[in-house]
Structure formats: structure tokens, C-alpha cells
Amino acid sequence: MSRSIGRFVMLLAFTLGIGSNTSFADTPIVELRIRNHLFFPDTLEVPAHTKIKLLVINEDPTPEEFESYELNREKVILGHRKTVIFIGPLPPGEYPFFGEFYPKTAQGKIVVSAQQPSE
Amino acid sequence: MRSIRLFLIAATLAVLTLFNFVAALQGYSSSLKEANKLFDQHLRQTAELIARLYAGHPIKSLDDESTLAYQVWRGQELLASFGIEHTQPITDFYPGFGHANFDGYRWRTLVYYDQDHRNWIITAERTDLRYQLAESVISHAILPILLSIPLAGLLIWLIISHGLKPLRMLSQQLKNKQADDLSPVVLPELKSELQQVSQSINALMSRLEVALNREKHFTADAAHELRTPISALKIQLHNLEEDISPDNEAFQQLRAGVDRIQHLVEQLLSLYRSTPEQLAHNFCRINLHQLAQEVIAELHDKFEGKQQIAELAGQPCMIEGDPFALTTLLQNLLSNASKYTPAGGHILVTVNAEENTVYLKVEDSGPGIAPEDYDKIFKRFQRLNNKPDGSTTPGCGLGLTIVRNIADLHRARIEIERSCFESGTAFIVIFTRTED
Amino acid sequence: MFLNSVVLILQEILEAALLISILLVLSRQLQLSARWFATGMILGGIGAFILSVNLATISEWLDYAGQEILIAGIMIAVLGLLTLIGLYSTSALWASRHSLPYLMSICVALALSREGAEIVIYLGGILNHQESVQPTFTGAGIGAGIGLSAGVLLYFGLLSLPARWIFCTCILLLALIGGTMASQATLLLTQVDWVAYSPVLWDSSIWLPEDSIPGHLLYALVGYEATPSLFQAIAYGIGFLLVSISATLGYLNHFRSRRKNTGEK
């Protein structure tokens, strides 16, 4: 009985990807800075079908919210703080994002290209 | 929707706010779109102007006041620039409008290619400044809409309150009505919506009045008509007493029965007389203390028969009242006390004045009444079976109804509590005091 | 700043206002005193303040996943409370009905803490930009006005339904909110890689963009998402079923106990 429960929990953990921490090692990290309510860089190129760890650093004293309807992401980053957002894997295309608190200036996009980006 | 008024105000205000604000939002969006078009047009005109100027010889600057910046490029060579210190191109050389982050700001850019002279002209405007300008203009137009909502709310509140005034007056009139007041409801100005309501209420009132009158007269007439045959019965009983031995049990029971019928009929009549319609309003100033003394003396035989001690305490107090009715009230309260108090018990009558009231308190040392029965005892023909042996005391159960009718007539209040004796009940009738 | 603050405030206020309206109608149908509402509002305000002050620290917990884990936790707690509210409001037991006001006030307090914290952070940040204050607060007023009006109209709309439909509709709407909570919690956990990626099921952003007024309204009411992932949809289904099945169980229990009582008589 208890063994079958344990197996069920493991199965559940596997399905929900709770055990997916091993994938941290090979997840590419992309850095995005917020300065004077602008995103630097304002265009991020990332490979297709790959999970990306987006490191967002807010250099402004004011809070900002990273938001993208296309990526289904929304996260508050307080002043002088940094945070991590996982995105993807994504099919090739353009995914605009913006800072919800200052959307007129804080605009950017993620360009997912089919081939490896040249850096 | 507990209150019609609250519902009307809240729902109206919500609809007004919702539509006004959404409309304002739409207005804002389309204004901003138009403003953007104008700003873009300005960028284009400036670019064309610069193109023409740089066709010949370059000049220093276009306009010192302008919020626009520009660069003129020929190949990789920066011919001229304004508003920007940097020597990199603001954006890529693709003709058309676009956005770019440059020099710590976000810019709306236009790249214009002058084919004749192979010049690239980039005109740009900081988006934060552009929106700040557009926004301050438009949001000043929106602010009044926002501020007008509380004012509209106040007006809606006043209008709806005013509109519901006839309804409020109708309910106020119905609320203020005395229980026995069956006169029609009159509204100063009858709104068409309320016409049916007030007509129906008034028709109901008059039907009720007829029915109540019929009931009252029937009781009074029947009681009155019964008096004569009962008197005849009493005489016959008296005559019979001489022929039969007095301790004949059947005869004793017959006499007790006839006495009870006579009491019932008398009580029914005094109940009828104690209703406001029947009592002649011949109010006068009465010394309640003295009246109590008279009634105690009148009922002396009754107390003596059960070896009960009846005492009167307090001081002379004047009230406004009907002497006959108040005598009936005292008689009923005292007979009740005597009836429900076992032989050898105590009955204490107190008449005293407090700040602006005069109270009459009748206390007995009987078994007492349970607090949950206090409301019941004033009902007609209601009698409580609270004797330990289960037997009942003779009586018809109208006494306290009469007491209450008379108290109501004098706008007096009746309270019941435990008596000062070990057991028993205290009836307190509280009158308004007449100024001495 | 104006339009932006309208959207941001509207989003948060609308979600809270609709939940509160439904709970108020439900508590009225059950003839409960609405005192829980005031308690919930006060606790929610305090919660929003505490959360907004500490969010910076919380965000850095658990390898920068703290914010999502906490908010997903709040959402799952709200789902749990909605399940209990569904179960207890249909159940015949007087004791369980007695605990409903507490559940409702905690539910409102949690929802308000989450929504309120974002508003406090946003408006607090704007205060540093003198030139943006007037348009932002005008926008906040407009957004709050639209959100609250929608809540008031939903309240009266629900009350004007035929009496036998009111209760079912409230439970249905609560179940939809329960689904939204589960789906949003899944999304947040995907964002910090606590739940694995799953493919996007459909894209309706062309027909009904999420950032339009109908989009916001539908999001607040039924948790509309233009590009939902598979796991989000599954979570939505689980959340919806949890609330609706618990309400049905409560009802069946009520029905059975009533039939047993009448049978004994």
C-alpha cells in the first residue's frame, strides 16, 4: 500500500517536473537589465525549442513588472533587485515583452531563431 | 435588495460609472492614436525639411526649442547631428518608423533616405517626452469625468430619495397608526403607482372595521341578552334552595355553575365597555391611592374568606383617568391576586410616584408565573394551569385582557415581574404623571 | 501612464470585486450576517501592506522563486477555501454553516492581500515620478471605478435571477474562480520551473486579446487565457471540479439526511 503511494507521488512529481532541477545546469542564462525604465538589450535572441533562464536585473530605484502576454509571464521586480524567470521552450517567432509599470518606454522583444544565435 | 432606494442608487451609479469610464477610456485611446499620428507626421515633415536643407550646404541647427533630435549620415560619415552627443547611428538604416533604445532613452525614430543626395536622415523623438505631452493634455480632459461621478452620485441620491418620498410617507403613516385606528390612509399627492396600493389598503381597513364592529356588538349583545335569563335562573335557584336540603351536592354544583356563567357574562360586558370606542372619554383627575383603598375595602369579604392579608402602601398620587375603568382595572387585578394566592397569603398594593410616572403595583404570594408565559396571560380566555395539583381556579380568563384594554386607554404600560414575597407575581401598571 | 494604470488597477480590482460580489450574494442567500465582509476587507488591507513591504525579501527566497511560490500558495489556499465554502454552503449541518463567515473573510483577505500588494507597489513607485502622479491616479480612479461598478452590477444581477437559480449560479461562478486559481498557480510555478513546460493548447489572442476590456473581464470571471498550456488547462479542470463536486456532495448529503429524517417520521 505505502509503496504504491510512494510510486504515485514519484509519478506525480515527474509529471509536474518537480524533479527537473537537474536541467538547471544546461539551461542557458540570458541577462536583461532595466535602467531608466528601459530594457537593455531591447532585443534578446534565443535558440528555438530551448528552455531559457532569464535573469532580470532592475537597476532603477522604482519597481517594475516584467510582463508578456505572448509568453504568459508576469513578475514584479522591486527597485535595485534581481530575479529569475524561466521561459520556453519556444517555437521560432517574435515575443514582445514590456514593463507593465512603465510600458511606454520599457519595451522589448525576444526573437526566437531556428538556428543557434551567434555570440 | 433590502432597500429599494439603496438598490436604485447603487445600480444607477454603477451603470453611469461603467459607461462613462469605458467611454472616456475609448476617447483617450483614440485621442492618443490621433496625437501619435500628428507627432509622426511632424517627424516626417522635419526629416523632409532636413533633407532639403542638407542637399545644399549644412546648417548648424534647426530649432533650439525642438524636442526632436536628428542625425544626417552619408555612408558611414556623420554629416550633422542635433540633440544627441553620441556619434553612433540612433537606429539601423532601414527606411520607415520604428522604436529604438539610445543614449539611455527610448526613441520614436524615422529613417528617411534622400536618394538624390544619398543622405540618410534619422529624426527621433523621446517617447517619454512625447507621451508626457499627449497624456497631460488628454488626462486633463478625463479628470472632470472622474470628479463628476461623486457629484452625480449625490444628485442621483437626492433625486431617488425625492422620488421615493410618497412610498416612505405611506409606510410612515401605516407605522404610526394605532392598533385600533382603522381610518383611511391619506397621502397629500397620490402618485399613479401608489393609487392602487392606497385604495386597496383603505378598502381593507373599512372591511376590517365592519367585521370588528360586528364581532364586538355580537359579543356585547349576546352577553346583554344572557343577563335576563341568568337573573331568572338565580331567582329560581333561590326559590329551589328552600325546597331542597342545602347540602345536596347536585344543587351546590348547579349554583356554582350559574355563578360562573354570571361572572363570565359580566366580564364580557366589561370587556366590551373597556374598549376605546365604548368608554366615554370622561377623564378627570383621580387620586389612584384613594381609589385603590376603596377597591380593597370593597373586596374585603373576598380576602377575609381566604384569610388573606391585603395591604396598601405608598402615597397619594394624582393621574388623569376614567374612574369607572380604573375601578374595573383594580378590581380585576386584586381579584386575580386573591384567586391565585393560597389561603393565608399576602397581597400588597403599592401606589407611588417616580420622576414623571405613577405606578400601581399589585404583588401576591401565589405560585407565580413563568417568564415565558408573561405574553400569554393577556390573551382572551387564556388561563394557566400552574397549580401543583393540576386543578384549576374558577374564572373565565378575561380579567387581564380587560386590564390591558384599560391600561392602553390610559396610555399606561404593564410590566410583570417576581413579587417581593418568596414566590408570586407583581403586576405593575405605569401611568404618566399629571402635573400637580 | 494613464492607460497603463487603468489596466493595472482594473485587473486587480475587478478580480477582487467579482469574488466579493459572489460571496456576498451567497452569504445573503444563506441569511448570514455580512460582518465577515468588513473583517475580510480590513485583514486584506493589512495583508496587502505587509506583503508589499516584504515582497523584495520574499522574492529572493528559494533561488528567486519565493514570490511565485508564495502567490501560488495563496491561490491554492483560496481554491481550498472555495472548496470548503462550496461544501459547507450546500450542507445541511448547522455547525458547518456557522463556520462559513470565517471561511469567506479569510478567502477575501487572501485575495485582497495578493491583488492589493501589486497596487501598493505600483502606486508607491509612481510617487517618485512627480510628472506622472496626476495621470496615474486619474487612471487608477477610472480603473477602480470600472472594476467596482462591474462588481456592483454582478451583485444586483445575481440577486435579480429567479430565486432557485441564484445559488447554483454562485456555486458555478465560484467553481470557475477555483479553476482560475489552479490554472494561475500552475502558470506561476511553470515560470520558476517548479512545474515542467507543457505545450500551448490554442492561441485566441487575435480574436480576443487578453489586454482588451472584454479580455480582462473574462479573465476575472472565468480565467480566460489567450494561450493556455496543457498543464494550465488540466489544473483549471481540477480546480473547477474540486469546487463543483464538493458543492454537489454537500447537496447530496443534505438531501439524504433530509430524506432519512422524513423517512423516520
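This is a predicted model: local features need pLDDT of at least 70, side-chain atom pairs count only at pLDDT 80 or more; totals for chains, interfaces and linings use all residues.
Strand 5 (residues 64–68) and strand 6 of chain A run antiparallel and are joined by 5 bridges. One of the pairings links A:Ser68 with its bridge partner A:Arg73 in strand 6. Between the strands lie 4 residues, and in this hairpin A:Asn72 adopts a positive phi near 60°. Strand 6, spanning residues 73–77, is mostly covered, with 4 of its 5 residues buried.

Turning to chain B, its 436 residues include 39% that are buried, and its secondary structure consists of 9 helices and 12 strands. Of the contacts in chain B between residues at least 6 apart in sequence, 63% connect residues at least 24 apart. Carbon and sulfur atoms account for 55% of the accessible surface of chain B, which comes to about 25,400 Å².

Chain A and chain B meet through 8 residues from chain A and 8 residues from chain B. The area buried between them is about 720 Å², with 59% given by carbon and sulfur atoms. On the chain A side, A:Leu38, A:Lys104 and A:Thr105 together supply 60% of the area that chain A buries against chain B, more than any other three residues. The count of salt bridges between the two chains is 1: A:Asp42 pairs with B:Arg106, and the closest N and O atoms are 3.8 Å apart.

Methods
Residues are numbered from 1 along each chain as its sequence is written. Chains are lettered from A and ligands numbered from 1 in the order in which they are written. Side-chain values use heavy atoms; hydrogens and water are left out. Buried means under 20% relative accessible area, exposed over 50%, partly exposed in between (1.4 Å probe, protein chains only). Helices (H or I, at least four residues) and strands (E, at least two) are DSSP runs, numbered from the N terminus. Two strands pair if DSSP finds at least two bridges between them. Contact means heavy atoms within 4.5 Å. Accessible areas come from the Shrake-Rupley method with a 1.4 Å probe; for residues, only the protein chains shown count as cover. Buried area is the accessible area (1.4 Å probe) that two parts lose on being put together, summed over both. A salt bridge is a side-chain nitrogen of Lys or Arg within 4 Å of a carboxyl oxygen of Asp or Glu.
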